[in-house]
Amino acid sequence: MSERDKYPAQSGRRRFVKGVVGGAALAGVGATGAATINSATQASGAGGGSTQAYAIENTAGPAPRGMPQIPVEIDDEGYLKGVWPEVKTEEQGGVSVQIAETEDFKGSGETYTTEWFQFCGVESYAGIEPDYDSENYFRSGSNPGYEWQSEAYSEGDRLHVDDFSDYQEWGNGVGDPGLGKPATGRWRSEDAEDTIPIQVIKSEQVMEMAEEDPWLEASTEDGFIAWLNKCTHFCCVPQYKSEGSAKFNAENDVYCQCHQSVYDPYSIVQTLFVARPRPSD
Ligand code: FES
């Protein structure tokens, strides 16, 4: 029995969404896409406009859409990184602007662009500039979301795969143990005024999803999945298996304590939204 099948109340939705991941997801996106595409033409500044991102699904609460995935890579020494797309220059409205975008990301056929992260003010963060100097490691923050992390890491340490080896048993007393082991952290934020918050999970479910989907095969590694951890509602920082989430049936999900939005990290969908332009220099 897979992990997913242990939760019959949710398994139907998960199976449905699983089927949706990939090309067919575009049909669902189209219904809400028309209005946003119209307003995209008004974007000014560098980059921005209508953007289609892969995201962990928003399943409840007021958030308008999921939170965008950050493709994961593991370096030769076992440290976790978020992939940054290729930096290039593009003509936009007669002006040359720098963007970061990879077409056909790792042979998935999908375009990965940093416009996925241009919302909630993140578009103005230094780390979102295409050529911001960073090694792209995920680093533990000063106030990690989990006790295990406070014990394993000091502030600024890089997340390492060995510290997730108990992912099939790990639990924090919230919801069911063994679904996946999470960490909170930051990305491309060293020496920057603003911190880009991220969350990572290692899970058997991610491995299973990656077997069936080219995008997830390309964007996850060894069961690790990551996303930009800014609630798409009003920009709070949610958390997987957080205190207080059980009251809202979110004890095995990602929960935003501000207005009770819930996200399912094991359901990846495509979302269409208008990315905010980066401020012009
Ligand atoms: S639900 Fe409102 S900011 Fe997250």
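A residue is buried if 20 or more other C-beta atoms lie within 10 Å of its own, exposed if 12 or fewer, and partly exposed in between, with the C-beta atoms placed from the backbone. By that rule, 44% of the 281 residues of this chain count as buried. The structure is a predicted model, in which local features need pLDDT of at least 70, side-chain atom pairs count only at pLDDT 80 or more, and totals for chains, interfaces and linings use all residues. Residues are numbered from 1 along each chain as its sequence is written.

**Confidence and overall make-up**

- pLDDT is the predictor's confidence in each residue, from 0 to 100.
- The chain has a mean pLDDT of 87, and 83% of its residues reach 70 or more.
- Residues 1-44 have a pLDDT below 50, and this stretch has 48 contacts in the model beyond near neighbours in sequence. Two residues are in contact if their C-beta atoms, placed from the backbone, lie within 7 Å.
- Where pLDDT is low, the predicted coordinates should not be read in detail.
- The chain has 5 helices and 14 strands. Helices (H or I, at least four residues) and strands (E, at least two) are DSSP runs, numbered from the N terminus.
- Of the contacts between residues at least 6 apart in sequence, 66% join residues at least 24 apart.

**The sheet of 3 strands**

- Strands β5, β6 and β7 form an open sheet in the order β5-β6-β7, with antiparallel pairing. Two strands pair if DSSP finds at least two bridges between them.
- β5 (87-92) and β7 (112-113) are the edge strands, and each pairs on one side only.
- Between β5 and β6 there are 6 bridges in the antiparallel sense. T89 has Q98 in β6 as its bridge partner.
- β5 and β6 make a hairpin with 2 residues between them, and G93 in the turn has a positive phi of about 60°.
- β6 (residues 95-102) is joined to β7 by 2 bridges, and the two run antiparallel. E101 stands opposite T113 in β7.
- D104 lies in the loop between β6 and β7. D104 is not a glycine, yet its phi is positive, at about 50°. With 11 other C-beta atoms within 10 Å, D104 is exposed.

**The sheet of 5 strands**

- A second open sheet has 5 strands in the order β2-β1-β14-β13-β12, with antiparallel pairing.
- β2 (67-68) and β12 are at the edges with a single partner strand each, so one side of each has no neighbour in the sheet.
- β12 and β13 (residues 254-256) run antiparallel and are joined by 2 bridges. Q239 has Y255 in β13 as its bridge partner.

**The loop between β11 and β12**

- K230 is in the loop between β11 (224-228) and β12 (239-240).
- K230 counts as buried because it has 22 C-beta neighbours inside 10 Å.
- Not counting residues up to four places away in sequence, K230 touches M67, C120, V122, P197, C235 and V237.
- K230 and C256 are 26 residues apart in sequence, and their C-alpha atoms are 9.2 Å apart in space.
- C235 lies in the loop between β11 and β12 as well. C235 is a residue other than glycine with a positive phi, near 75°. C235 is partly exposed, with 13 other C-beta atoms within 10 Å.

**Helix α4**

- V206, M209 and A210 are the buried residues of helix α4 (residues 204-212).
- These buried residues fall within an arc of 100° seen down the axis of α4, so they line one face of the helix. The arc is that of the directions from the helix axis to the C-beta atoms.
- The exposed residues E211 and E212 are on the face of α4 turned away from its buried side.
- An α-helix has 3.6 residues a turn, so residues three or four places apart point the same way.

**The largest nonpolar core**

- The largest nonpolar core has 51 residues, and F138, I198, V200 and A226 touch the most other members. A nonpolar core is a set of buried Ala, Val, Leu, Ile, Met, Phe, Trp, Tyr and Cys residues joined through C-beta atoms within 7 Å.
- Elements that give two or more residues to this core include β1 (49-60), β9 (181-187), β10 (196-202) and α5 (214-219). β14 gives the most, with 8 residues.
- Leaving aside neighbours within four places in sequence, the contacts of F138 include L80, R158, W187, I198, V200 and A226.
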